[in-house]
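Take a look at the fold below. The walk goes from the sheet to the helices and then to a pocket.

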Amino acid sequence: MIFLPRAVFTHIAEAAEAAYPDECCGLLVGRAEATGDRLVTRAAASPNVAEGNTRDSFLVDPKIQFDLMRELGDGPESIVGHYHSHPDHGATPSERDRRSVFYPDHVWVIVAVDGGRAGDMTAHLFDAGRGRFREIPLRVTG
């Protein structure tokens, strides 16, 4: 399960609407618990620096990722996942998403955006053994 503070949930939805018709993206900071749950404390927005069509692809700016990794260091928090939007598509991982798994332990939060309005938001983990994503429960807190 992934726990998102209401402020992070709102941030992701607003970022998705603002980026429409392109995909938005960013990183999720928090803690991975021994139970497998992810407790998100904040989101770090990134411009979508994907080359080509950003309507159906995303890439978090590497500078933002490395700066955040340096800031977090060996502290109690780390990057536990990322978020992105799917303009005019469902909140399920695409084939492009499956081919873009670089950190298999990261949670993928995806928000569907239909006509510029954020809709369903889901969370997924990549099952490397099966080569596919599985949806996990997403709980908004606060």
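This is a predicted model: local features need pLDDT of at least 70, side-chain atom pairs count only at pLDDT 80 or more; totals for chains, interfaces and linings use all residues.

Residues are numbered from 1 along each chain as its sequence is written, and side-chain values use heavy atoms, with hydrogens and water left out.

Start with the sheet. Eight strands make an open sheet, ordered E7-E6-E5-E4-E2-E3-E1-E8, with mixed pairing. Strands (E, at least two residues) and helices (H or I, at least four) are DSSP runs, numbered from the N terminus. Two strands pair if DSSP finds at least two bridges between them. Strand E7 (132-136) and strand E8 (138-141) are the edges; each has a single partner strand, so one side of each lacks a neighbour in the sheet. From one strand to the next, the twist averages 35 degrees. Axes are lines fitted to C-alpha atoms, for helices over the stretch in contact, and angles run from 0 to 180 degrees between N-to-C directions.

Strand E1 (residues 2-5) has two parallel partners. With strand E3 (residues 38-46), E1 pairs over two bridges in the parallel sense. Ile2 has Arg38 as its bridge partner in E3, and Phe3 has Leu39. E1 and E8 also run parallel, joined by four bridges. There, Leu4 has Val140 of E8 as its bridge partner.

Now the helices. Helix H1 (residues 6-19) packs on the sheet and touches E1, E3 and E8, among others; its direction makes about 80 degrees with that of E1. H2 also packs on the sheet, touching E2, E3 and E4, and its direction makes about 135 degrees with that of E3. Contact means heavy atoms within 4.5 Å.

Gln65 lies in helix H2 (residues 62-72). Is Gln65 buried or exposed? Gln65 counts as buried because its relative accessibility is 13%; buried means under 20% relative accessible area, with a 1.4 Å probe and protein chains only. Apart from neighbours within four places in sequence, Gln65 is in contact with Leu27, Ile79 and Tyr103.Last, the largest pocket has a volume of about 450 Å³, the space filled by probe spheres set on grid points joined across faces, edges and corners. A pocket is an open set of points on a 1 Å grid over the protein atoms alone where a 1.4 Å probe fits, with protein on both sides within 12 Å along at least five of seven lines; lining residues have an atom within 4 Å of a point. H2 gives the most to this lining, three residues.

Terms used
Buried means under 20% relative accessible area, exposed over 50%, partly exposed in between (1.4 Å probe, protein chains only).
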